[in-house]
Amino acid sequence: MKELDELLNDWKDNDNQTRKAFTELVNHVNTLSDIALEFVSRPGVSYSFRPRHTAQAKRPLFAMVDVIDDDPDDRWLSICFYADLVTDPQEQGDHVPEGLLGEDACCFDMYEYDEQEIAFLKEKLTEAHGNAPE
């Protein structure tokens with residue numbers, strides 16, 4: 001994905017290591033089977049990594065991993081899932097009505113690299129991927 005590669009090559013990570021977090025999440029998605037990927041680049045707004053399970057029929061993705069680019073020197077991540085594809089019993093995420101392409105979402109914001117949070121988000125990506133086929 002040329003635009004994704006360009007983002008990663010041009011992104012100078014700062015002390016909060018959001019580039020490292022984003023890269024780990026993208027690399028994790030790439031280990032999942034039967035996926036198709038879309039990348040939507042909107043410099044100054046966001047960069048959106050959108051994986052889809054190839055068996056999904058009704059939805060164009062199972063997760064959206066956004067790099068929020070309103071301040072390129074201080075980017076942060078927003079990772080959203082359809083609310084019915086993931087569990088969040090400890091309510092670590094935010095429930096966002098109609099927050100993901102018009103459907104209810106569960107979203108997690110990440111402002112700095114945290115190993116435990118990355119592990120948790122990888123679990124959510126795997127869970128959403130497993131629940132995505134319809």
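Biologist: Hi! Leaving aside neighbours within four places in sequence, which residues is T18 in contact with?

Modeller: T18 is in contact with W11, D13, R75, W76, L77, M110, Y111 and E112, once its neighbours within four places in sequence are left aside. Contact means heavy atoms within 4.5 Å.

Biologist: Before we go on, what kind of model is this?

Modeller: This is a predicted model, where local features need pLDDT of at least 70 and side-chain atom pairs count only at pLDDT 80 or more, while totals for chains, interfaces and linings use all residues. Residues are numbered from 1 along each chain as its sequence is written, and side-chain values use heavy atoms, with hydrogens and water left out.

Biologist: Thanks. Where is T18 found? And is T18 buried or exposed?

Modeller: T18 is found in helix 2, and with 1% relative accessibility T18 counts as buried. Buried means under 20% relative accessible area, exposed means over 50%, and partly exposed is in between, using a 1.4 Å probe and protein chains only. Helices (H or I, at least four residues) and strands (E, at least two) are DSSP runs, numbered from the N terminus.

Biologist: How many Å separate the C-alpha atoms of T18 and D73?

Modeller: The C-alpha atoms of T18 and D73 are separated by 11 Å, and the two residues are 55 apart along the chain.

Biologist: OK, on to the helices. At what angle do the axes of helix 1 and helix 2 cross?

Modeller: The axes of helix 1 (residues 2-10) and helix 2 (residues 18-29) cross at roughly 150° and come within 11 Å. Axes are lines fitted to C-alpha atoms, for helices over the stretch in contact, and angles run from 0 to 180 degrees between N-to-C directions. Helix 1 and helix 2 are therefore roughly antiparallel to each other. As for the cut-offs, angles under 35 degrees count as roughly parallel, over 145 as roughly antiparallel, 65 to 115 as roughly perpendicular, and the rest as oblique.

Biologist: Which residues meet there, helix 1 against helix 2?

Modeller: From helix 1, L4, L7, L8 and N9 meet R19, F22, T23 and V26 of helix 2. The residues of this contact divide into five nonpolar, two polar and one charged. For those classes, Ala, Val, Leu, Ile, Met, Phe, Trp, Tyr, Cys and Pro count as nonpolar, Asp, Glu, Lys and Arg as charged, and the others, Gly among them, as polar.

Biologist: Which residues in helix 1 are buried?

Modeller: L4, L7 and L8 are buried in helix 1. Seen down the helix axis, the buried residues of helix 1 fall within an arc of 95°, so they line one face of the helix. The arc is that of the directions from the helix axis to the C-beta atoms. On the other side of helix 1, K2, N9 and D10 are exposed.

Biologist: And what covers the buried residues of helix 1?

Modeller: The cover includes helix 2, strand 1 (35-42), strand 2 (46-53) and strand 3 (63-68).

Biologist: V40 next. Where is V40 found, and what does V40 touch?

Modeller: V40 is found in strand 1, and touches S46, Y47, S48 and R50, not counting residues up to four places away in sequence. V40 is partly exposed, with a relative accessible area of 22%. V40 and L4 are 36 residues apart in sequence and 8.8 Å apart in space, C-alpha to C-alpha.

Biologist: Back to helix 2. How do helix 2 and helix 3 pack?

Modeller: Helix 2 and helix 3 (residues 115-131) pack at about 30°, with their axes 10 Å apart. That makes helix 2 roughly parallel to helix 3. The contact is made by A21, E24, L25, H28 and V29 of helix 2 together with I118, L121, K122, L125 and T126 of helix 3. The residues of that contact divide into six nonpolar, two polar and two charged.

Biologist: Last topic: what is the phi of E98?

Modeller: Phi of E98 is near 55°, a positive value in a residue other than glycine. Most residues other than glycine have a negative phi. E98 is placed in strand 5, and counts as exposed at 59% relative accessibility.

Biologist: And E91, where does E91 lie?

Modeller: E91 lies in the loop between strand 4 (76-82) and strand 5 (94-100). Phi of E91 is near 50°, a positive value as well, and E91 is exposed, with a relative accessible area of 66%.
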